[in-house]
Amino acid sequence: MNGLPGFLRRLEGPQTIGRGPAFWIIFAIVLAIACAYPLFSDGYTVGNTVYFFVWVFIALSLCLIWGYGGSLSFGQTAFFGIAGYSYGILTLNFGAAYGFTLVALVLAVVIAALFALLLGYFMFFGRIAGVFLGIVTLAVTLMLERFMAQTAGPEWRVGVARLNGFNGMSAMSPLTIPWPGGDIVLFADIGLYYFVLGLLVLVYLGLRILMNSSFGNVIVAIRENPERAEMLGYDVRKYQLITFVIGAGLAGLSGALYTVWGQYITPSSMGMTAAALPLIWVAVGGRSDLTSTVIGTLVVLAAFQALTIYGSQYALVFMGVLLVLTVLIAPNGLVLGAMNRLSRLVVHRGKGGV
């Protein structure tokens, strides 16, 4: 019990924006609206919102690795795809009985994290950093995408699960929760909405605690000056590897949930476009803050989907222009910049300013 107040105190700190009663009241109001949202919406719209939530996990993973850790990674969609395919292979082979889909979800995330552990070990302990780290992770992503794209033949199968090349895998089992009165099947509607929303809240709060802990402070110190952090006795490579693996696990969770949501996964999820889009979401939101990343990702995703529906030929052009404008006007992120200005305004007025 003595450790609980200090543990919860890490929800606020120097590495995250938002503190005090006002912030948490707003957080509670937004969460209450999110919980009530399915009661006033149709099933299709709720399912589409789940799609938005799923992508926030990969954005948070990039925020952790790039924003806080300072390592630009194009490999998040590789971990996304590995977990998605792993979930599909496991559930197609073993089904959904006895809650196995939940086990498959966890195993898919673990598989993605283990792949990142192997890749990250050779990168960070091989002293690969900066732009070269981005090149290596991009190469791995595109290599996996090309490999999965050529698995169309009947010989490419894992048990009963065929990989199907460009067509991808489909007909996976949805998440199924064992229940005494009958299993609860979470299709892409209200049930899955609440499940993913709960996970998103837990991950967001957990990352706030992590980044405001001593571990988070060391990671930020390494981002600012790795040589100084190493001189102070910290094993920079170890901290970077741990951050990379945690980020890969979050990207894997995004991929597994995407497969759960749509009950399919294709190699295009690991393509160049898929690798670039999360960078845009995080850059626009503000890569060095979790809250800004969440807000920026949801806003940009909504705009991108609207453009895809009503003017698909302009959607990617819009994303490119948005990224260029963000880099030129607000390199720290449009949402983060707006939040900082609002915070300064509130403090100024609180001190009696006009």
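**Figure 1. The second largest pocket is lined by 18 residues, and Tyr51, Trp55, Tyr258, Leu277 and Phe304 lie nearest its centre.** This is a predicted model, in which local features need pLDDT of at least 70 and side-chain atom pairs count only at pLDDT 80 or more, while totals for chains, interfaces and linings use all residues. Residues are numbered from 1 along each chain as its sequence is written, and side-chain values use heavy atoms, with hydrogens and water left out. A pocket is an open set of points on a 1 Å grid over the protein atoms alone, with protein on both sides within 12 Å along at least five of seven lines; lining residues have an atom within 4 Å of a point. The volume of the second largest pocket is about 430 Å³. A volume is the space filled by probe spheres set on the points, and grid points are joined across faces, edges and corners. Helix 3, helix 10 (236-262), helix 11 (272-285) and helix 12 each give at least two residues to this lining. Helices (H or I, at least four residues) and strands (E, at least two) are DSSP runs, numbered from the N terminus. The lining holds twelve nonpolar residues, six polar ones and no charged ones. Here Ala, Val, Leu, Ile, Met, Phe, Trp, Tyr, Cys and Pro count as nonpolar, Asp, Glu, Lys and Arg as charged, and the others, Gly among them, as polar.

**Figure 2. The largest pocket has a volume of about 1,100 Å³.** Its lining has 30 residues. Nearest the centre lie Phe23, Ile26, Val30, Thr291 and Ile295. Two or more lining residues come from each of helix 2 (20-36), helix 3 (43-68), helix 7 (190-211), helix 12 (290-329) and helix 13 (334-350). Helix 2 gives the largest share, eight residues. By class, the lining of the largest pocket has 24 nonpolar residues, five polar and one charged.

**Figure 3. One cavity of 30 Å³ or more is counted.** A cavity is a set of grid points where a 1.4 Å probe fits but cannot get out. The largest cavity holds about 60 Å³ of space. Ile65, Gly69, Ser71, Phe124, Ile219, Ile222, Gln240, Thr243 and Phe244 line it. Helix 8 (214-224) and helix 10 are the elements that give two or more residues to this lining. The largest share is from helix 10, with three residues. Five lining residues of the largest cavity are nonpolar, four are polar and none is charged.

**Figure 4. Val317, Val321, Val324, Leu325, Leu328, Ile329 and Leu334 make a nonpolar surface patch of about 650 Å².** Patches are made of residues with over 30% relative accessible area and no salt bridge; like charges are joined within 9 Å, and nonpolar side chains (Val, Leu, Ile, Met, Phe, Trp, Tyr) within 5 Å. Accessible areas come from the Shrake-Rupley method with a 1.4 Å probe; for residues, only the protein chains shown count as cover. Helix 12 gives the most to the patch, six residues. Val317 lies in helix 12. Val317 is exposed, at 52% relative accessible area. Exposed means over 50% relative accessible area, buried under 20%, and partly exposed in between (1.4 Å probe, protein chains only).

**Figure 5. Four salt bridges are found in the whole structure.** A salt bridge is a side-chain nitrogen of Lys or Arg within 4 Å of a carboxyl oxygen of Asp or Glu. One of them joins Glu224 and Arg223 at 2.8 Å, N to O. Glu224 is exposed, with 55% relative accessible area, while Arg223 is partly exposed at 28%. Another links Asp235 and Arg237 at 3.7 Å, N to O. Asp235 is partly exposed at 31%, and Arg237 is partly exposed at 24%. Glu145 and Arg146 also meet in a salt bridge, at 3.9 Å, N to O. Glu145 is buried, at 10% relative accessibility.

**Figure 6. Tyr98 has a positive phi, near 60°, and Asn164 has a positive phi, near 70°.** Most residues other than glycine have a negative phi. Tyr98 sits in the loop between helix 4 (76-94) and helix 5 (100-124). Tyr98 is exposed, with a relative accessible area of 80%. Asn164 is placed in the loop between strand 2 (161-162) and strand 3 (169-170). Asn164 is partly exposed, at 23% relative accessibility.
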